[in-house]
Amino acid sequence: MSRTAIFPKDEQFMRLALREAVAAGEHGDVPVGAVVVHDGEVVGTGRNERELRGDPTAHAELLALRAAALSLGGWRLPGAVLYVTLEPCPMCAGAIQQARIARTVYGAPDQKLGAAGSVINILGDPRLLHRVEVQGGVLAGESLSVLQRFFDERR
């Protein structure tokens, strides 16, 4: 995980992603939320909807990227920042890279599937076409708490 400065708006946008995460948990999906910001404005949001849609690709990040692409009129999202409550998995990291996201900010690290430095580092691999600036740990405690509550309720 790269360590870059936490910008003043990072917590504000991560709180929006946390709201999306809570909404995902309310319909039985693992509570992960994502928000895409471009020029200081939210252009896409998403929450895990794998259970809701019966779709293994319905991760919060992918849904937020799709919404942002529709909003901005194209699949390339240079200059955009993705906020997500859990470190992206390899599938999502690949999509983030392909969308040319400038920066990804995540809450809790994922020690089992994290692809932004915890397990592997797709977003920062110098062999790949595009590298994404990464900031982890923004509101990590709150992000982890939402996940823990969800799984505790199911045990």
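Me: Which element gives the most to the lining of the second largest pocket?
Reply: In this predicted model, α1 gives the most to that lining, with three residues.

Me: Which elements give two or more residues there?
Reply: Those are α1 (8–26) and β3 (81–86).

Me: What residues line the second largest pocket?
Reply: The lining is made of F7, K9, D10, F13, V37, G40, V81, Y83, A102, R103 and E133. By class, six are nonpolar, one is polar and four are charged.

Me: And what volume does the second largest pocket have?
Reply: Its volume is about 160 Å³.

Me: Now the largest pocket. How much space lies in it?
Reply: About 450 Å³. Of the 20 residues lining the largest pocket, V30, V32, L86, D110 and L147 are the closest to its centre.

Me: How many of the lining residues of the largest pocket are nonpolar, polar and charged?
Reply: Eleven are nonpolar, four are polar and five are charged.

Me: Which helix gives the most to the lining of the largest pocket?
Reply: Helix α5, residues 140–154, with four residues.

Me: Let's stay on α5. How many residues does it have, and how far does it reach?
Reply: α5 has 15 residues and reaches 22 Å from its first C-alpha to its last. That is close to the 21 Å expected at 1.5 Å a residue.

Me: Which residues of α5 are buried?
Reply: S143, V146, L147 and F150. Seen down the axis of α5, the buried residues fall within an arc of 90°, so they line one face of the helix.

Me: What do the buried residues of α5 pack against?
Reply: They pack against α1, β3 and β4. One of them, L147, is also among the residues closest to the centre of the largest pocket.

Me: Where is D39 found?
Reply: In the loop between β1 (33–38) and β2 (41–47).

Me: Is D39 buried or exposed?
Reply: D39 is exposed, because its relative accessible area is 68% and the cut-off for exposed is over 50%.

Me: What about R100, what phi does that one have?
Reply: R100 also has a positive phi, about 65°, and is not a glycine. R100 lies in the loop between α4 (90–98) and β4 (103–108).

Me: What is the relative accessible area of R100?
Reply: It is 22%, so R100 is partly exposed. Buried would need a value under 20%.

How values were computed:
Residues are numbered from 1 along each chain as its sequence is written. This is a predicted model: local features need pLDDT of at least 70, side-chain atom pairs count only at pLDDT 80 or more; totals for chains, interfaces and linings use all residues. Side-chain values use heavy atoms; hydrogens and water are left out. Buried means under 20% relative accessible area, exposed over 50%, partly exposed in between (1.4 Å probe, protein chains only). On a 1 Å grid over the protein atoms alone, a cavity is a set of points where a 1.4 Å probe fits but cannot get out, and a pocket is an open set with protein on both sides within 12 Å along at least five of seven lines; lining residues have an atom within 4 Å of a point. Grid points are joined across faces, edges and corners, and a volume is the space filled by probe spheres set on the points. Ala, Val, Leu, Ile, Met, Phe, Trp, Tyr, Cys and Pro count as nonpolar, Asp, Glu, Lys and Arg as charged, and the others, Gly among them, as polar. The expected span of a helix is 1.5 Å times one less than its number of residues. The arc is that of the directions from the helix axis to the C-beta atoms. Contact means heavy atoms within 4.5 Å.
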